[in-house]
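Please consult the sequence and structure shown here before reading on.

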Amino acid sequence: MKVSGFWIGIVLMLAAGFVLAGVADNQFLFFAGYVILQGLIMAVAWNVLGGFTGYVNFGSAGFFAIGAYTAIALHQFAELPLLVLIVIAGIVCGLIGLGTGYLTLRLRGVYFAIATLAMAIVFESLITNWDYVGGSAGAYVITPAEVPFFDSFIEMMFILMLVLSLICVAVSRYLSMSRMGRGLASIRDDETAAECMGVPTLRLKLISTTVMGVMMGVAGAPFPFFVTYINPLSAFDLLIAVNAIAMPMIGGTAVWFGPVIGALLLGTIQQIVTVTISSELNILIVGAVLIAFVALAPRGIVGLFQDFARKRREGGK
Amino acid sequence: MDANGRLLDVQGLTKRFGGFVALNNVSMHLDPRERLGLIGPNGSGKTTMINCISGALFNEEGSVVFRGEEITGLPAFKRAELGISRSFQIPRPFRTMSILENMLVPMEYAAWGRVDHATHEDRAMEILALVGFQDRARENSGNLTQVDLRKLELARALAAQPDVLVSDESMAGLSSSEVDEVLEILFKLNERGVAVIMIEHIMRAVMRYCERIYVLDAGQLIAEGTPEEIQGNPDVERAYLGE
Ligand SMILES: Nc1ncnc2c1ncn2[C@@H]1O[C@H](COP(=O)(O)OP(=O)(O)O)[C@@H](O)[C@H]1O
Ligand SMILES: [Mg+2]
């Protein structure tokens with residue numbers, strides 16, 4: 001079998017992560033890296049449904065938070081290993097994603113988007129009133145001071161997030177480049193025509209919403225352990241939902257690497273701004289960058305490059 | 001085929017939109033390898049009939065039977081897999097895809113179980129050559145003209161490798177020589193065993209192509225017969241002249 005550049009890239013990214021963990025002492029690097037990768041998973045997840053399939057989800061923070069709170073609830077119940085928590089949170093959010101898929105039976109376009117937003121709001125009020133996980137007061141998590149194989153807990157969390165990100169990127173790439181990807185794209189372009197061309201639109205939409213849910217749940221599950229204190233406000237953070245949309249839009253929604261580019265770029269800018277100015281500015285920055293892209297480059301950075309390449313080809317004769 | 005040897009059998013089909021009856025107790029059938037015409041004034045229910053046959057809409061009453069199998073409640077994608085393919089009167093291309101990619105959707109879905117996967121691209125290119133798109137396969141479908149979009153509609157419907165092709169006004173806007181070209185394509189297709197239901201306003205094409213014709217008017221079937229019979233039918237003339 002031919003080893004593709006993609007898989008070499010995945011291995012290189014992983015190796016780079018481990019090397020960084022080995023040499024770097026500055027804990028902030030891992031902290032910032034974790035946040036960027038968390039955004040990357042959310043962006044990749046959002047794009048499976050929003051970019052490939054054409055259904056805009058405004059409720060990303062809801063999935064993320066349910067992932068986080070599933071982990072917290074299980075953690076309160078029994079001290080399960082983090083990986084188990086992540087898997088269960090993925091399953092729970094996958095099931096919620098599946099339910100979201102059934103919404104697409106009746107709701108298209110902006111109505112679907114509003115329904116997902118409403119869903120997130122319902123989840124938030126449920127969590128706020130659930131005392132077992134701390135209600136509105138929130139919950140604390142005590143993280144181990146020492147972990148095996150790693151210099152620090154945060155370093156381990158960073159590597160964990162890197163592995164999860166790479167898995168999500170690989171899944172998203174598979175979805176977009178396989179036969180299924182063409183099916184999803186046909187739904188995005190014209191659902192009625194797709195169905196009449198033999199595309200099982202409902203089944204594909206359910207797969208799409210489920211995969212999105214699983215990924216967002218997986219992104220959310222480690223969050224309480226990363227921040228050690230979680231409340232509904234921080235889990236259902238507006239910035240999480242906005243980033244999940246903005247990163248793919250900025251990178252480009254039509255291809256799998258669009259959200260990756262957008263997440264790395266926007267995530268890095270946000271970390272720099274957080275350090276040099278203030279984290280309060282982040283939402284303003286996303287807003288401004290997003291408006292600029294929607295107005296000037298609706299197909300994102302990938303689209304800009306494609307246009308540039310086409311012009312060169314046509315201009316170069 | 002069912003007991004009467006019919007490929008497609010529509011019995012007592014009624015379709016309502018709210019209180020409006022778009023099709024009222026319409027029965028029609030299609031024989032294997034038949035070239036069937038479906039005509040009628042604008043708004044008479046032709047496209048609605050196609051929607052009910054292809055599964056894009058579900059009829060309230062009546063049944064649709066394909067090769068002896070009841071498909072009335074079957075979703076559209078299943079009917080496409082069974083071999084019923086249609087073009088859309090108002091073109092519905094997959095706009096973010098190239099012309100070739102548009103063709104690959106029905107090949108990878110509707111025809112997936114019936115066609116060797118390795119030959120998809122070659123077959124798609126063959127069909128594209130029929131409508132004169134052989135050199136434009138990589139072109140984006142989002143920028144095509146209306147006429148080109150109609151050609152793509154037809155080509156994409158053919159890419160599903162159908163046993164029944166329903167063409168909904170594929171020739172509207174085409175020049176006289178282009179109409180002849182499309183007719184040629186449809187004749188060849190029919191020779192290979194594909195049954196065709198042609199909805200068309202261009203009477204010259206319908207009369208030349210079809211062996212049998214149904215006429216709809218305001219949701220009612222008002223006539224059935226050979227092209228000669230239909231041409232001489234006073235009810236049909238009245239429906240068209242709007243007396
Ligand atoms: N989805 C729909 N909702 C409501 N009315 C419809 C719909 N589709 C068709 N109609 C109505 O049904 C009638 C038949 O339409 P159609 O089948 O498109 O006619 P034709 O194809 O013969 O021109 C028209 O009066 C049209 O307005
Ligand atoms: Mg019509």
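**Core packing and cavities**

Q: Which residues does Met157(A) touch, not counting residues up to four places away in sequence?
A: In this predicted model, contact means heavy atoms within 4.5 Å. With residues up to four places away in sequence left out, the residues touched by Met157(A) are Tyr34(A), Leu82(A), Pro222(A), Phe225(A) and Phe226(A).

Q: How many residues has the largest nonpolar core, and which element gives the most to this core?
A: Met157(A), Phe225(A) and Ile230(A) have the most contacts inside the largest nonpolar core, which has 101 residues. The element that gives the most to this core, with 14 residues, is H6(A).

Q: Why is H6(A) described as largely enclosed by the rest of the structure?
A: Helix H6 of chain A covers residues 153–177 and reaches 36 Å from its first C-alpha to its last, close to the 36 Å expected at 1.5 Å a residue. Buried means under 20% relative accessible area. H6(A) is largely enclosed because the number of its 25 residues that are buried is 18.

Q: Which helix gives the largest share of the lining of the largest cavity?
A: The whole structure holds 3 cavities of 30 Å³ or more, and the largest contains about 50 Å³ of space. Its lining consists of Leu130(B), Val131(B), Lys151(B), Glu178(B), Glu181(B), Val182(B) and Ile185(B). The largest share, 4 residues, comes from residues 176–191 of chain B, helix H6.

Q: How many nonpolar, polar and charged residues are in the lining of the largest cavity?
A: The lining residues include Leu130(B) and Lys151(B). By class, the lining has 4 nonpolar, no polar and 3 charged residues.

Methods. Residues numbered from 1 in each chain as written. Chains lettered and ligands numbered in written order. Predicted model: local features only at pLDDT ≥ 70, side-chain atom pairs only at ≥ 80, totals over all residues. Heavy atoms only, no water. Helix = DSSP H or I, 4+ residues; strand = E, 2+ residues; numbered from the N terminus. Expected span 1.5 Å × (residues − 1). Buried < 20%, exposed > 50% of the residue type's maximum accessible area, 1.4 Å probe, protein only. 1 Å grid on protein atoms, 1.4 Å probe; cavity = no way out; pocket = protein on both sides within 12 Å on 5 of 7 lines; lining within 4 Å. Points joined across faces, edges and corners; volume = space filled by probe spheres on them. Nonpolar A, V, L, I, M, F, W, Y, C, P; charged D, E, K, R; others polar. Core = buried A, V, L, I, M, F, W, Y, C linked by side-chain atoms within 4.5 Å.
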